[in-house]
Structures are given as structure tokens and as C-alpha cells.
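Have the sequence and the coordinates open while you read.

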Amino acid sequence: MIRFEQVSKQFPNGTFAVKSLDFEIKKGEFFVMIGPSGSGKTTTLKMMNRLIELSKGWVWINGKKISDYDINELRWNIGYVLQQIALFPHMTIAENIAVVPELKNWSKEKIAARIDDLLNMVGLEPSVYRNRKPSELSGGQQQRVGVIRALAADPEIILMDEPFSALDPFSREKLQDDLLEIQRKLKKTIVFVTHDMHEALKLGDRICLMKDGEIVQVGSPHDLLTNPVNDFVREFVGNRKLSIHLEELITPITGELEFVSDTKTISLSTPVDEVLEHLASFEHISVEENGKAIGNISRQNAMKVMSRYLREGGQIHE
Ligand code: ADP
């Protein structure tokens, strides 16, 4: 689907950002690029939609060199999500989502239906959010709109450059879950840049680890964990946080408050080991912040999160 062949990029000031990259991303794959700052991840991503021109080599998308595409055709068929949410502030949420479909001359009815579908997909009630301005949404909600806006015109490929790194851990986990769900449903090819190994292991079908403009290893999360090619990979994979964040255990409250009898109430700052102990006696725990209920932890969900950690080589106690 996307193929890099001996691709190098040297900036005018002489910096070699990437050196002779050879790799292929398959259709429908969730491909994560990770590596230390300055290792060439963003440059590689931006070469895919020609925001950065190559110095040497070729990039092929669907068997055609990207230099042979009409630039608009190429960009409209590749969604792009950045860390800084770049919603147009004076436009409503619906207008923001409609930008590329309008450029592609979709009918008004088709665009309106698409906007509602997408808002529903990420849990934003269309009748409430459609006509709001970006400033009337929280950071997490704006980023959610940024993600669905990239999906709006149904592109085959979505490029995401650290899309969740500015969010609080709670919103980040939720958006990661939403994105996985979207990927399962829509089977898009997603190229995702991050510096967070936990995020890479959670999201990636394959992970591409870069260093100094070169690929050190490409493989499934399991490959990187069990067969690191060198000490750099071993340390990079090993250095991630092994602890479980409380936010990951919580199912946020959306809509009506469900009444759960015989529950324990905790705050967001409660240590995870204490929470697990409570779960031995209570099926559900209610989580409060500033006196307001914000979510629930169920024994079932906690077991699910913990088993995922263990599968990824995590430890309950550090
Ligand atoms: P990453 O995304 O992994 O942090 P980048 O792709 O942004 O890395 O950068 C790779 C290298 O290229 C770095 O050394 C960076 O300083 C350099 N670089 C990036 N953009 C430019 C530019 N426009 N001009 C010169 N050097 C650049």
C-alpha cells in the first residue's frame, strides 16, 4: 500500500533527517513509528503526503509514485491529524468536518449524514455538538473532532503525528480505545507517530523503531518484546512505564448516572494497589473528582486491563 524504497532526506542546511529507508506498510495496517526525538519520524510521515519532498528514492502509494499524483488528489485521500488541534476557530464543528467533503463536491445531504455518523462514532451527540464552535469543547473533545475530520472524506490512509500527546492520560486512553474501534470497523491504513511505548504497544499491528534517521527494527509488539535485535531496542521497549494508570481502569460516565448499589467511592489520586484491594470486596467502584462522580471501575474491566499488561510483559509491581 505505502512503500518506501531507498528514501533519504537531507535538509538544505545539510542535516540528514532520514537515510535510505526501505519498508512497506500494508493495507489496513495500524503502523506505529516510534523513536527518540530527532530520529526522523515526522520527516518520514510528512514525506507520505508530500509536505516534505524526498531528496532520494521513491515512495509508492497503491503502486504509483507519489510524485505522479496530483497533489490535491493525494492530500484529499490522506487524512492528517496533528498534536496541535488545528480546527478552524470561527467555524462550527460541522463546518470543520465538512471541509474536505465539500472540496470533493459531495452533496449537502451526504455531508450532513456523514457528520452525524462520525460524531456518533466518537460519542459526541450530533444535536448537541454539530453547531458548537471549537472553543466550546474540551481539549479531548476537540482532538476527537480532529480525528473524525481526518476521516470525513473517507480517505484510505490516515497519518497521525503524536495526536494524543497533549491530552491528559484519561482522555488519551479513551481516544486510543475509540481509534482502535474505528480501525476495527473501517479498516483504514493508519500511520501513527508517537514517543510513548505504551501507546505503541497498545495500538500498533507493527511498530517501526527509528534511531538517527534509520530503522532499527520493524515488527509486531510481540516481536519487539521477545526478539529485540539489539540493546537499543531492548532498552527502548523496556524503559516504558510498567505501572497501570488508574485512568485506564475507569469507564467514564456518559449520559445518565447508573445507580450501582453497594459501591465504594474513591478519588482519582487513590493508588492502584489500593483500588485492586477494594475490588476484591466490591464488584464496582465509583470514582469522584472534586465531589463529582466521573466514572466507574468494574472488577471485570480491571481484570481485562491487567491481563493486557501482563501479556505485554508488564508487571503489577515495579
Ligand atoms: P522526530 O519526528 O523523530 O523527532 P524529525 O523528523 O522531526 O524527528 O527530525 C529529524 C532530524 O531532522 C532532526 O535532526 C531535526 O533537527 C532535523 N530537521 C527536521 N526538520 C528540519 C528542517 N526543516 N530543516 C533542517 N533540519 C530539520
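Two strands count as paired if DSSP finds at least two bridges between them. Helices (H or I, at least four residues) and strands (E, at least two) are DSSP runs, numbered from the N terminus. This is a predicted model, where local features need pLDDT of at least 70 and side-chain atom pairs count only at pLDDT 80 or more, while totals for chains, interfaces and linings use all residues. Residues are numbered from 1 along each chain as its sequence is written, and side-chain values use heavy atoms, with hydrogens and water left out.

**The sheet**

Let's start with the strands. An open sheet is built from four of them, in the order β2-β1-β4-β5, with antiparallel pairing. The edges belong to β2 (16-25) and β5 (64-65); each has a single partner strand, so one side of each has no neighbour in the sheet.

β1 and β2 run antiparallel and are joined by six bridges. R3, for one, has E24 in β2 as its bridge partner. The two strands make a hairpin with five residues between them, and G14 in the turn has a positive phi of about 100°.

Strand β1 (residues 2-10) also pairs with strand β4 (residues 56-61), again in the antiparallel sense, over five bridges. Here S8 has K56 in β4 as its bridge partner, and E5 stands opposite W58 in β4.

Back in strand β2 you'll find I25. I25 is buried, with a relative accessible area of 0%; buried means under 20% relative accessible area, exposed over 50%, and partly exposed in between (1.4 Å probe, protein chains only). The C-alpha atoms of I25 and F4 are separated by 8.7 Å, with the two residues 21 apart along the chain.

**A helix that is tucked away**

Helix α1 (residues 41-48) has six of its eight residues buried, so the rest of the structure largely encloses it. Those buried residues are K41, T43, T44, L45, M47 and M48. Just after α1 comes R50, which takes a positive phi of about 60°.

**Rings and charges**

Now for the aromatics. Rings of Phe, Tyr and Trp (its six-membered ring) pair if their centres lie within 6.5 Å; planes under 30 degrees apart count as stacked, over 60 as edge-to-face and the rest as tilted. Searching the whole structure turns up five aromatic pairs. F23 and F31 have ring centres 5.6 Å apart and planes at 5°, so this pair is stacked. Both F23 and F31 are buried. For F30 and F192, the centres are 5.8 Å apart and the planes at 50°, so this one is tilted. What does the pair of F30 and F192 tie together? F30 lies in strand β3 (residues 30-34) and F192 in strand β8 (residues 189-194), so the pair links parts that are 162 residues apart in sequence. F30 and F192 are both buried. There is also an aromatic cluster, formed by F4, F23 and F31.

A charge sits over a ring if NZ of Lys or CZ of Arg is within 6 Å of the ring centre and within 35 degrees of the ring normal.

| Charged end | Ring | Distance from ring centre |
|---|---|---|
| K110 | W106 | 4.0 Å |
| K211 | F232 | 5.2 Å |

On a 1 Å grid over the protein atoms alone, a cavity is a set of points where a 1.4 Å probe fits but cannot get out, and a pocket is an open set with protein on both sides within 12 Å along at least five of seven lines; lining residues have an atom within 4 Å of a point. Grid points are joined across faces, edges and corners, and a volume is the space filled by probe spheres set on the points.

How many cavities of 30 Å³ or more are there? The count is one, and the largest cavity holds about 40 Å³ of space. V147, L151, I158, L179, I182, K188 and I190 line the largest cavity, with α6 (139-151) and α7 (169-186) each supplying at least two residues of that lining.

The second largest pocket has a volume of about 490 Å³. It is lined by 22 residues, of which G79, Y80, V100, R149 and A150 are the closest to its centre. Two or more lining residues come from each of α2 (71-76), β6 (78-81), α3 (93-103) and α6.
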